[in-house]
Amino acid sequence: MGATSRGNRWATRTQFFCSGFIFATWGVHVPTIKAHYGLDEAQLGFAMLAAGVGALLGITRASRWIGRHGARQVAGCAGTVYALLIALLVLMPGYLALLGLLAAFGLVTSLFDVAINTDAAQLEAREGTHLMSGMHGMFSLGGMVGAVSGGAALATGLGVQAHLLAVAAVMALAVGSSSIRMLPKPASVVGDADTRFRLPRGALVVMGVLAALGLIAEGAIYDWSVLYLNQELGAPQQQAALAYASFSAAMAAARFGGDALRARFAPAQLLRASALLAAASMTLVLLTDLPWLALVGFAGVGVGFANVVPILFAASAQVPGVEPSRGIAAVSAAAYLGFMAGPPVIGLLARVSSLTIALYTVVAFAVALAASARYANAR
């Protein structure tokens, strides 16, 4: 593998790392946002819904913009804005302004995600090897480092705004500099190439439904795990941040080994075993009242959900006659519908019952994913 190829790989890995780090910073500060704006669980859920709506809007534009400008340019621009917006989380004058900020946050997040996944799929095609799980492993590693560093910042008394500004500056610099080394726009994505967004059809429908099941459950952990440990089990916020960290660390480790597993096992087998592990681990989290045991459970959930999205995104980029960016965008749209619906549903359920009961939806969707895993081999 030449120096240029290694540089392309590491540039894209860095982008995935930054995406995870920024998202983890949001996850660590969910309790901060809740307290700062005086929100209940339902209001917080609808704030997350605003981010989901923005993400869907971004996805409907992503394939066209990537087709026109290339994944490298879209990743550089959207990722830099994504990083900078994190600095504004506690500076909004009120709840409505927060909803607007999170809608913009979701929009650039989805553009960045589709761009870097498209680039990873193009790398897989060019080099003829499995890379997608390892790329998503970098996302999870970024999430782990972001969560641990965020918890450490809270523990040492660093101000919330100082922490957010530092993350924004470092991540914007990393995203911008890494985008320069990503793959240039391929010659096949020019002229009359059809890169318009369309709702998924055929095999893409199946992949989209499975991705939605996985992201509903995975997104619930990202958005609610810190608050769960803090509010339901009484852990201090700096310790509660470890819920996200343990989930992300385990997911990262599983994803770094995921490409070898993808080469050895059929997608349906791997999805079924993974989903059952996630369901069992989440049940442990919700039945124990010991924070350390809950952390073990969150790690098991991370391993369980680790390879769901890499498998499905890689497959969506290989559908005959469909540009990789359009296949990924179509499946991402279905996945983000789940990601968008999950937080407010959990928030509403938590409001009428408890967060513990609401999070049993993660178990339910993991079981549904296991039951539907046989369709992962659909063509």
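Me: Which residues does Pro310 touch, not counting residues up to four places away in sequence?

Reply: Pro310 touches Met132, Ser133, His136 and Arg255, with residues up to four places away in sequence not counted. Keep in mind that this is a predicted model.

Me: Where does Pro310 lie, and is it buried or exposed?

Reply: Pro310 lies in helix 13. Its relative accessibility is 0%, so Pro310 counts as buried, the cut-off being under 20%.

Me: How far is Pro310 from Arg264, C-alpha to C-alpha?

Reply: Those two C-alpha atoms are separated by 15 Å, and the residues are 46 apart along the chain.

Me: At what angle do helix 6 and helix 13 pack?

Reply: Helix 6 (residues 132-155) and helix 13 (residues 308-316) pack at about 135 degrees, and their axes are 9 Å apart. The two helices are therefore oblique to each other. The contact is made by Met132, Ser133 and His136 on the helix 6 side, and by Val309, Pro310, Phe313 and Ala314 on the helix 13 side.

Me: Left-handed or right-handed crossing for helix 6 and helix 13?

Reply: Helix 6 passes helix 13 in a right-handed crossing.

Me: Before I go on, what is the mean pLDDT of the protein?

Reply: The mean is 84, and 91% of the residues reach 70 or more.

Me: And where is confidence lowest and where is it highest?

Reply: Confidence is lowest in helix 14 (residues 324-352), at a mean of 75, and highest in helix 7 (residues 160-179), at 95.

Me: OK, helix 7 then. How do the axes of helix 4 and helix 7 cross?

Reply: The axes of helix 4 (residues 71-85) and helix 7 come within 8 Å and cross at roughly 175 degrees. That makes helix 4 roughly antiparallel to helix 7.

Me: Which residues meet there, between helix 4 and helix 7?

Reply: From helix 4 there are Arg72, Ala75, Gly76, Gly79, Thr80, Ala83 and Leu84, and they meet Ala168, Met171, Ala172, Val175, Gly176 and Ser179 of helix 7.

Me: What about helix 11 and helix 16, what angle do their axes make?

Reply: The axes of helix 11 (residues 267-287) and helix 16 (residues 360-371) cross at roughly 165 degrees and come within 8 Å. Angles over 145 degrees count as roughly antiparallel, and helix 11 and helix 16 are therefore roughly antiparallel to each other. Their crossing is left-handed. Residues that meet include Met282 and Leu286 in helix 11, and Val363 and Val367 in helix 16.

Me: Switching to the core. Which residues in the largest nonpolar core touch the most other members?

Reply: Of its 127 residues, those are Trp26, Ile86, Leu229, Met282, Phe298, Phe305 and Leu359. Helix 8 (residues 203-232) supplies the largest share of this core, with 15 residues.

Me: What does Leu229 touch, residues up to four places away aside?

Reply: Leu229 touches Gly234, Ala235, Gln239, Ala240, Ala243, Pro291, Ala294, Leu295 and Phe298.

Me: Now Lys34, buried or exposed?

Reply: Lys34 is buried, with a relative accessible area of 17%. Lys34 is found in helix 2. Apart from neighbours within four places in sequence, its contacts are Leu39, Asp40, Glu41, Leu44, Leu227 and Gln231.

Me: And Gly38, where is that found?

Reply: Gly38 is in the loop between helix 2 (30-37) and helix 3 (41-69). Gly38 is exposed, at a relative accessible area of 57%.

Me: Last one: what is Leu107 in contact with, sequence neighbours within four places aside?

Reply: Leu107 is in contact with Gly54, Ala55, Leu57 and Gly58. Leu107 has its place in helix 5 (residues 95-127), and is partly exposed at 24% relative accessible area.

Note on methods: Residues numbered from 1 in each chain as written. Predicted model: local features only at pLDDT ≥ 70, side-chain atom pairs only at ≥ 80, totals over all residues. Heavy atoms only, no water. pLDDT = per-residue confidence, 0-100. Helix = DSSP H or I, 4+ residues; strand = E, 2+ residues; numbered from the N terminus. Buried < 20%, exposed > 50% of the residue type's maximum accessible area, 1.4 Å probe, protein only. Core = buried A, V, L, I, M, F, W, Y, C linked by side-chain atoms within 4.5 Å. Contact = heavy atoms within 4.5 Å. Axes fitted to C-alpha atoms, helices over the stretch in contact; angles between N-to-C directions. Parallel < 35°, antiparallel > 145°, perpendicular 65-115°, else oblique. Left-handed = near helix turned anticlockwise from the far one by under 90°.
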